[in-house]
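Please look through the model shown here before reading the report that follows.

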Amino acid sequence: MIRSIQPLLALLLVFSFSMAHAADGYTTIDPAQPTADPDKIEIVEVFWYGCPHCYDFEPSLKQWLETKPDDVEFIRLPAIFRQNWLAHARAYYAAEELDVVAQIHSPLFTKIHENNNMLESEAALREFFVQQGVDGDAFTAAYNSEAVENRIKSTLSKQRRYQITGVPAVVINGKYQTSGPLAGSYGRMIEIMDELIEKERSASAN
């Protein structure tokens with residue numbers, strides 16, 4: 001009888017721990033996920049260019065990035081929850097391959113949300129990249145490259161392991177996740193990021 005109750009008690013403890021953190025605006029990721037650089041505190045923004053909430057969060061995140069601490073590594077992860085999100089993820093990774101993220105990231109958000117143009121095809125995205133000064137053939141090669149294909153497969157795996165259910169979301173050091181619904185506001189999301197960065201920094205110092 002005792003043996004049958006113990007797993008239930010363990011589950012309840014985990015559930016209570018998770019809910020306690022949810023009340024603070026974030027949840028824990030169990031199990032914690034590895035980061036790209038163990039010497040850095042990793043912040044991963046999970047987003048979709050077509051998401052109006054991601055577009056609204058972008059100014060707050062951009063402002064935070066201007067004073068990002070040196071011990072923090074920032075990574076963008078373009079989510080793929082539906083087939084029509086795939087083109088935007090490919091476009092982002094093509095931009096990384098071509099080293100033009102700074103050139104296209106904000107303009108792509110603007111084009112989609114202020115011009116009401118979803119740019120969901122390779123042809124439309126190529127035209128957009130060319131308008132931003134990127135060589136069209138270089139875009140096509142990168143968009144369809146093996147490197148981008150591998151990044152897409154990695155993204156699908158990561159968003160599952162991060163337990164992401166919506167965007168925008170932020171993963172802090174592979175251990176915690178916050179989002180608009182959890183935090184209550186984009187400003188609070190930034191505050192939670194900073195609080196958990198400090199928590200991780202203190203933990204590594206001990």
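## Strand pairing and the sheet

Phe47 stands opposite Pro78 in strand 3 of this predicted model. Strand 2 (residues 41-47) pairs with strand 3 in the parallel sense over 7 bridges, where pairing requires that DSSP finds at least two bridges between two strands. The two strands belong to an open sheet of 5 strands in the order 1-5-4-2-3, with mixed pairing. Strand 1 (27-28) and strand 3 (72-78) are the edge strands, each pairing on one side only. Helix 2 (residues 52-65) packs on the sheet and touches strand 2, strand 3 and strand 4 (169-172), its direction making about 160 degrees with that of strand 3.

Helices (H or I, at least four residues) and strands (E, at least two) are DSSP runs numbered from the N terminus. Contact means heavy atoms within 4.5 Å, and angles, from 0 to 180 degrees, are taken between the N-to-C directions of axes fitted to C-alpha atoms, for helices over the stretch in contact.

## Confidence

The chain has a mean pLDDT (the predictor's confidence in each residue, from 0 to 100) of 91, and 90% of its residues reach 70 or more. Over residues 1-20, however, pLDDT stays under 50, and the model has 2 contacts beyond four places in sequence for this stretch. Where pLDDT is low, the predicted coordinates should not be read in detail.

## Basis of the values

Residues are numbered from 1 along each chain as its sequence is written, and side-chain values use heavy atoms, with hydrogens and water left out. Because the model is predicted, local features need pLDDT of at least 70 and side-chain atom pairs count only at pLDDT 80 or more, while totals for chains, interfaces and linings use all residues.
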